[in-house]
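Student: I am new to this structure. Please walk me through the terms as we go.

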Amino acid sequence: KPAKKPMAVKLAKPVGGKPDNLTLINGIGNVIEKKLHDLGVFHFEQVANWNDEQAAHFSKIVGFPGRAKREGWMKEAVLFAKGGTTEHARKVEAGDIPTSRKSTKAEKAKK
C-alpha cells in the first residue's frame with residue numbers, strides 16, 4: 001500500500017476538529033501551545049516531522065530560540081504520536097505541572 005502522506009507543517013484547523021495536548025511535551029506549556037495553535041500546529045505528528053530548520057523557525061516564533069531541538073520536542077512528539085508517554089506527561093495528566101493542562105476526554109479518546 002502507498003505510504004501515508006505526512007501531515008502538513010501548518011494546518012488551518014486540527015484534524016477531526018481535535019488538537020493533541022501539546023503540553024504533554026516537556027518544554028511546551030499552555031502559553032507555547034496556544035502560540036503553536038495560532039501558527040497552525042495542533043498535532044504530535046506535525047512536531048514529530050519538523051526538520052532542524054522548522055524546529056528553529058517555530059522555536060524562534062514562540063519566543064524561545066533553539067528550544068525545540070535543545071529539549072527534544074520532536075523525539076517526544078514521535079513517542080506520543082505512537083501512543084507512548086513520558087514521566088513528564090504522567091505528571092501533566094496528574095495535574096502536577098501548573099503551566100500545562102490535563103488532556104480532555106476528546107484528546108484521550110484519540111489515543
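Tutor: Start with burial. Buried means under 20% relative accessible area, exposed means over 50%, and partly exposed lies in between (1.4 Å probe, protein chains only). Of the 111 residues of the chain, 39% count as buried. This is a predicted model, where local features need pLDDT of at least 70, side-chain atom pairs count only at pLDDT 80 or more, and totals for chains, interfaces and linings use all residues. Residues are numbered from 1 along each chain as its sequence is written, and side-chain values use heavy atoms, with hydrogens and water left out.

Student: Why is Asn21 called buried?

Tutor: Its relative accessible area is 2%. The limit is under 20%, so Asn21 is buried.

Student: What does the side chain of Asn21 reach?

Tutor: The backbone oxygen of Arg101, at 2.8 Å. A polar contact is a pair of N or O atoms within 3.5 Å; within protein, one must be able to donate a hydrogen and the other to accept it, and residues adjacent in sequence count only if both atoms are side-chain atoms. Asn21 also touches other residues, including Glu33, Phe44 and Glu107. Contact means heavy atoms within 4.5 Å.

Student: Is Asp20 buried or exposed?

Tutor: Asp20 has 12% relative accessibility, so it counts as buried. Its side chain makes a polar contact of 3.5 Å with the side chain of His43.

Student: Why is Gly66 called partly exposed?

Tutor: Its relative accessible area is 32%. Gly66 is found in the loop between H3 and H4.

Student: How many helices and strands are there in the chain?

Tutor: Seven helices and zero strands. Both are DSSP runs numbered from the N terminus: helices are H or I with at least four residues, strands are E with at least two.

Student: Which residues of H1 are buried?

Tutor: Ile32, Glu33 and Leu36. They fall within an arc of 105° seen down the axis, so they line one face of H1. The arc is that of the directions from the helix axis to the C-beta atoms. The face turned away from the buried side carries the exposed residues Val31, Lys34 and Asp38.

Methods
Lists of a residue's contacts leave out its neighbours within four places in sequence.
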